[in-house]
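Good morning, and thank you for coming. I would like to take a few minutes to present one structure, which I ask you to look at now.

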Amino acid sequence: MKLVVQVKLLPTPEQAAALEATLRAVNDAATWVSQLAHDRRVFRNYDLRRHVYGQVKDRYGLAAQAAQHVIKKVADAYTTLHANLRNGHLGRPGSVRRERVLARPIVFRPGAAQPFDDRCLSWQLNARTVSIWTTGGRMKGVAFTASADQLTLLAAHRKGESDLVCRDGRWFLIATCDLPDVPVRAPDGFVGVDLGIANIANIATTATATATGTGTGTGTGDGVRHSGKTLNAVRHRHRELRRRLQAKATKSAKRLLRKRRRKEARFAADINHTIARRIVTEAARTGRGIALEDLQGIRDRVRLRKPQRVTLHAWSFHQLGHFIAYKAARAGVALVWVDPAYTSQACSACGHVAKNNRPDQETFACTSCGFAEHADVNAARNIAARGETGWAVSHAA
């Protein structure tokens with residue numbers, strides 16, 4: 001499996017200026033190549049290289065490997081664009097949005113990320129420095145900071161390219177690490193994870209398929225609710241602060257907005273990491289697998305009241321699912337994606353499905369057998385049961 005390790009560079013002002021000039025040069029070159037590719041309708045990497053390789057080196061003063069990476073970056077960008085067009089993500093054929101996208105070449109920001117391979121970038125892990133190619137020549141002794149775990153990963157598993165990124169005036173290297181796959185253990189049951197879509201006060205609720213009727217949590221993954229009240233309060237505070245600063249529109253207000261632009265996203269990612277780690281650790285400790293809802297397209301399907309929509313669209317369901325998936329793969333925990341349809345209306349005890357089983361948002365009371373439980377815990381048990389069925393079907397042979 002592949003993981004990325006992000007380390008923060010600590011360049012001197014002179015080194016930072018050289019890195020900034022390098023990023024600007026390679027992205028100016030990428031925009032020029034993109035214009036030519038769009039005009040001549042040449043998008044494949046090797047075909048594009050025959051047209052522009054020599055000109056890119058001469059016009060922008062790039063080294064051979066840097067020029068190769070610029071051309072490949074443009075080709076990859078058009079591959080992604082054409083995939084989005086085929087999948088209908090940019091409008092239907094003939095729509096105004098689709099025609100507007102087709103009429104314009106891709107433009108690269110001056111500070112867009114640039115890949116560096118081992119010919120352009122070398123790591124000195126013991127000294128915590130890197131040597132990197134720039135338009136002004138090879139620059140050695142650029143310091144970076146990293147945790148002990150990151151250094152261990154880099155030393156043992158770093159492989160392939162590393163991306164140079166400038167984010168809010170700070171410099172980062174994002175390195176790819178190729179870890180050996182951990183054999184997935186045969187699960188002894190499953191833990192279902194119900195994500196709080198309508199009731200986002202509970203970010204996630206975990207439960208096993210066996211109903212106990214308590215819903216209070218026993219420390220075995222049965223009926224544990226991961227609260228999102230703190231995250232929602234932080235989001236509300238940031239939203240109000242942004243509203244006031246945008247209304248002010250002074251230079252100091254705009255400066256503060258730029259300073260705080262990613263603070264909320266970092267806080268939400270930390271919450272998701274914490275929840276994912278707890279779920280995977282508990283599943284690994286009890287020998288169970290994890291069943292997750294397949295929520296692709298959920299934002300288009302779900303219908304909520306207007307006050308809930310901002311919270312729904314601000315929280316990243318995909319990010320939490322991704323965190324759980326890669327942490328489970330590292331721990332050798334089985335993971336199954338299941339259909340979430342009617343998991344909130346079905347009784348986990350008898351299987352009866354009815355809207356009347358949900359008298360209110362938090363309560364589940366089966367109108368057939370009388371089983372009562374917290375609604376999120378009941379849904380998590382249904383997801384766990386579907387996980388067991390899905391695993392049995394996929395491993396029947």
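I shall speak about charged side chains, and then about a pocket.

First, a word on the source. This is a predicted model, in which local features need pLDDT of at least 70 and side-chain atom pairs count only at pLDDT 80 or more, while totals for chains, interfaces and linings use all residues. Residues are numbered from 1 along each chain as its sequence is written, and side-chain values use heavy atoms, with hydrogens and water left out.

Let me begin with pairing. Side chains of opposite charge can pair when their charged atoms come close. The structure contains eight salt bridges, a salt bridge being a side-chain nitrogen of Lys or Arg within 4 Å of a carboxyl oxygen of Asp or Glu.

One of these joins Arg44 to Asp47, with the closest N and O atoms 3.0 Å apart. A network of salt bridges links Arg44, Asp47 and Arg50. Arg44 counts as exposed because its relative accessibility is 52%; the cut-offs are under 20% relative accessible area for buried, over 50% for exposed, and partly exposed in between, with a 1.4 Å probe and protein chains only.

Another salt bridge pairs Glu282 with Arg285, where the closest N and O atoms are 2.5 Å apart. Both residues lie in helix H8 (residues 263–286), three residues apart, or about one turn of the helix. Helices here are DSSP runs of H or I with at least four residues, strands are runs of E with at least two, and numbering starts from the N terminus.

Buried or exposed: which describes Arg381 and Glu373? Both are buried, and they form a salt bridge whose closest N and O atoms are 2.8 Å apart.

Arg98, in helix H4 (residues 96–103), is buried yet has no salt bridge. The nearest side chain of opposite charge, Glu99, is 5.5 Å away.

I turn now to the largest pocket. A pocket is an open set of points on a 1 Å grid over the protein atoms alone, where a 1.4 Å probe fits, with protein on both sides within 12 Å along at least five of seven lines; lining residues have an atom within 4 Å of a point. The largest pocket is lined by 28 residues, and Val4, Gln6, His273, Phe323 and Tyr326 lie nearest its centre. H8 gives the most to this lining, with nine residues.

Thank you for your attention.

Definitions and conventions: Lys and Arg count as positive and Asp and Glu as negative; His and the chain ends are not counted.
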